[in-house]
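Please look at the structure first.

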Amino acid sequence: MFFDDKWLDIAARGSILTALALVWIVLLIRIVGLRSLSKMTNFDFVMTVALGSLLASASQVTEWGAYVQILVGVAMLFIVQIAAALLRRQSESIEAAIQNCPVYLMRDGVIDEEALAKTRVAHSDLIAKLREANVMHFDEVRAVVLEATGDVSVLHGDALDERLTQDVEEA
C-alpha cells in the first residue's frame, strides 16, 4: 500500500522538521530585525537565497546531527550578515568591496546606451520600468538608476535634488 507507516513517518518528519526550522528562522529574524531579508546589498540577496536553501534541506534530513548542523548554519548566516553590516558602516573600503555602485541608465531624458550595454539591461526593460513609473515623456525623466540591489529607480519630475544621486556612477 502506498500510505503505509513508512510514508506517514516520512511525511510527518518532513512536516515537523520544516516547521521547526521555519520557527527558528522567524525567531532569528525577530532578534536580528527585518533588515535580514532586505535587498539592500548583494550580501542580503545571497542571505535570503541561502536561508531558503537551508530550510529546504532541513525538511529532508534523516539524522539529528545533520538537522542541528543546518540550524547552526542558519544562525551563522545571521551572525555573518550582522558582522558584514557593522564592518560596512565602519569602513568605506569594505563597503566598496561588498556593495556594487548604482549606475545611471538614463539622465535628463537621454538613454545611456553604453550603460545599458555595460550593465546588460535591455532597452525594452528600461522602457518597461519607465511605463511602471508612469512616465509620459522622456523629457520628464531626470534619472533612471540601476541600484546596487538590481532594482531600477525612475526619478522624474521638474527638478532633481542632486543629493538623491550623489553616489550614482556614470557608465
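## Helix α3 and what covers it

The buried residues of α3 are covered by parts that include α1 (5–32), α2 (42–58) and α4 (92–98). Covering here rests on contact, meaning heavy atoms within 4.5 Å. Helices are DSSP runs (H or I, at least four residues), as strands are (E, at least two), numbered from the N terminus.

This is a predicted model, in which local features need pLDDT of at least 70 and side-chain atom pairs count only at pLDDT 80 or more, while totals for chains, interfaces and linings use all residues. Residues are numbered from 1 along each chain as its sequence is written, and side-chain values use heavy atoms, leaving out hydrogens and water.

Tyr67, Ile70, Val74, Ala75, Phe78, Gln81, Ala84 and Arg88 are the buried residues of α3. Buried means under 20% relative accessible area, exposed over 50% and partly exposed in between (1.4 Å probe, protein chains only). Helix α3 takes in residues 64–90, which is 27 residues. From first C-alpha to last, α3 reaches 39 Å, close to the 39 Å expected at 1.5 Å a residue; the expected span is 1.5 Å times one less than the number of residues.

## Helix α1

α1 has 28 residues and reaches 40 Å between its first and last C-alpha, close to the expected 40 Å. Its buried residues are Gly14, Leu17, Ala21, Ile25, Leu28 and Ile29, and their cover includes α2 and α3. After α1 comes glycine 33, with a positive phi near 115°.

## How α1 and α3 meet

At what angle do the axes of α1 and α3 cross? They cross at roughly 20° and come within 11 Å. Axes are lines fitted to C-alpha atoms, for helices over the stretch in contact, and angles run from 0 to 180 degrees between N-to-C directions. α1 and α3 are therefore roughly parallel to each other (angles under 35 degrees count as such).

On the α1 side, the residues that meet α3 include Leu17, Ala21, Ile25 and Leu28. On the α3 side, those that meet α1 include Tyr67, Val74, Ala75 and Phe78.

## Annotated regions

An unreviewed UniProt entry annotates residues 12–31, 43–61 and 67–87 as "transmembrane region"; such annotations may be inferred rather than shown by experiment. Residues 12–31 are 100% helix, with end C-alpha atoms 29 Å apart. Residues 67–87 are also 100% helix, and their end C-alpha atoms lie 30 Å apart.

Key
Parallel < 35°, antiparallel > 145°, perpendicular 65-115°, else oblique.
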